[in-house]
Amino acid sequence: MYLHVGQDFLINTRDIIGVFDLDTATDAGQKPKITDEFLRHAQREGAVVDVSGNMPKSFVVTDFPEPTVYITQVSTATIRSRAAKFEIL
């Protein structure tokens, strides 16, 4: 099955490692967390695809064909709801 994550991007659900809320996974006011470091590393490696337009809410980590991070405007709750329709997440 495929999951729509915004701007005409579909991700194969078997390739999804995790779905994370940007507000709770990162915190600019504190020391960088491991998630911040992960996102910075992915950006340096060219593994980030921004499909959010201008209001990112979450990110989806996949592992195929190579590790990729999709920054999306779709909330984690909406992604979960879409996945629940197919009983996948």
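Strands here are DSSP runs of E with at least two residues, helices are runs of H or I with at least four, and both are numbered from the N terminus.

**Setting up.** I am working with a predicted model, where local features need pLDDT of at least 70, side-chain atom pairs count only at pLDDT 80 or more, and totals for chains, interfaces and linings use all residues. Residues are numbered from 1 along each chain as its sequence is written, and side-chain values use heavy atoms, with hydrogens and water left out.

**L10.** I found L10 in strand β2, residues 9-12. L10 has a relative accessible area of 55%, so I noted it as exposed (over 50%; buried is under 20%, partly exposed in between, with a 1.4 Å probe and protein chains only). Leaving out residues up to four places away in sequence, L10 touches Y2, L3 and H4 (contact means heavy atoms within 4.5 Å).

**S58.** Next I went to strand β5, where S58 sits. S58 counts as buried because its relative accessibility is 0%. Its side chain reaches the backbone oxygen of V74 at 2.5 Å. Beyond four places in sequence, I listed the contacts of S58, among them F20, Y70, V74 and I79.

**Helix α2.** I then looked at α2, residues 34-44, and noted T35, D36, L39 and A42 as its buried residues. They lie on the same side of α2 because they cover an arc of only 130° around the axis, taken from the directions from the helix axis to the C-beta atoms. On the other side, I34 and R44 are exposed. The buried residues pack against α1 (22-25), β4 (48-50), β5 (58-62) and β6 (68-72). Last, I checked G46, which follows α2 and has a positive phi near 75°.

How values were computed
A polar contact is a pair of N or O atoms within 3.5 Å; within protein, one must be able to donate a hydrogen and the other to accept it, and residues adjacent in sequence count only if both atoms are side-chain atoms.
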